[in-house]
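Please read it alongside the coordinates.

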Amino acid sequence: MLKGKTALVTGSTSGIGLAMARALAAQGANIVVNGFGEADAIRAVEQELQGRGVRTLYHGADMSKPAEIEQMVRAAESAFGCVDILVNNAGIQHVAPIDKFPVDRWDAIIAINLSSAFHTIRLALPKMKAANWGRIINVASVHGLVASVEKSAYIAAKHGLVGLTKTVALETAPTGVTCNAICPGWVLTPLVQKQVDARAARDGIGEEDAKKSLLGEKQPSMQFVTTEQLAGLAVFLCSPAADQVRGVAWNMDGGWAAQ
Ligand code: NAD
């Protein structure tokens, strides 16, 4: 379905971004891989994606640095011509009450989880508009729709990302470019494993009980969303069936936001 297209997936060396890169490559899209990791592990990711018959480019841009983001988008365009599919996925978390929230963590979360999407979109959009086709998928969170305690920066950034999604969707509405957000609930990736470990340590419980405790507070299905399920939604948003899906914040959250 996506043969000849190129997808830039930020934060695709791990978790949700990696699953989305795999699924888009399986549909034939060339992949620009981004994110941190050991050189060997990143090479292995590229080789695995190339095994699906597509070309890859790795760019290690730090998504908190606008100049590096620009270099990455330009490198993608010079390798492949155009970024047809942009998945803004890179993200970090920090948990603390607002009056104890470290200022440097606030700045980093706003930069990586929100401002980076402004930069990638402003840089990639002109070529999408020229081609009259493009897909922008912002990986927000159920925390882009509702709040929880001790996640002020993350929630501010994700609500901001949902707002940015709507504005870009309106500005691109007369074109073949769409912009939507995906809002996952709990997904068991390294980002959430840290919160499982913190819960286990705080409450003096084992890992399985800590997982149940996290899910029980928020996610009525009592099951983690999988990275593959989220990747399936990203592929749908790239399909012709989704041509008129514009500006949505689509939660996949085991019922979290329905409460
Ligand atoms: P993860 O930690 O497994 O992956 C994060 C990716 O972002 C990694 O590839 C990492 O290298 C990259 N990254 C981090 N900082 C970066 C930076 N400064 N520059 C470039 N890359 C950077 O996390 P994940 O759970 O897969 O999260 C992916 C996205 O999904 C995030 O935006 C996160 O907020 C969102 N999300 C996750 C969950 C969840 O439960 N895991 C729920 C809702 C939303």
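Which residues around the ligand come nearest? Of the 30 residues around it (a heavy atom within 4 Å), those that come nearest are Ser-14, Asn-89, Tyr-154, Val-187 and Thr-189. The model is predicted: local features need pLDDT of at least 70, side-chain atom pairs count only at pLDDT 80 or more, and totals for chains, interfaces and linings use all residues. Residues are numbered from 1 along each chain as its sequence is written, and side-chain values use heavy atoms, with hydrogens and water left out.

**Ligand contacts**
- A backbone N or O atom of Val-187 is 2.7 Å from an oxygen atom of the ligand.
- For Met-63, a backbone N or O atom lies 2.8 Å from a ligand nitrogen atom.
- A polar backbone atom of Gly-11 is 3.2 Å from an oxygen atom of the ligand.
- On its own the ligand has 820 Å² of accessible area (Shrake-Rupley method, 1.4 Å probe), and the protein covers 93% of that.

**Helices H1 and H2**
- Helix H1 (residues 15-26) and helix H2 (residues 39-50), both DSSP runs of H or I with at least four residues, have axes that come within 9 Å and cross at roughly 25°.
- H1 is therefore roughly parallel to H2 (angle under 35 degrees).
- Leu-18, Ala-21, Arg-22 and Ala-25 in H1 meet Val-45, Glu-48 and Leu-49 in H2 (contact: heavy atoms within 4.5 Å).

**Ser-152**
- Ser-152 lies in helix H5 (residues 152-172).
- Leaving out residues up to four places away in sequence, Ser-152 touches Ile-98, Phe-101 and Trp-106.
- Ser-152 and Phe-101 are 51 residues apart in sequence, with 8.3 Å from C-alpha to C-alpha.

Key:
Axes are lines fitted to C-alpha atoms, for helices over the stretch in contact, and angles run from 0 to 180 degrees between N-to-C directions. Helices (H or I, at least four residues) and strands (E, at least two) are DSSP runs, numbered from the N terminus. Angles under 35 degrees count as roughly parallel, over 145 as roughly antiparallel, 65 to 115 as roughly perpendicular and the rest as oblique. A polar contact is a pair of N or O atoms within 3.5 Å; within protein, one must be able to donate a hydrogen and the other to accept it, and residues adjacent in sequence count only if both atoms are side-chain atoms.
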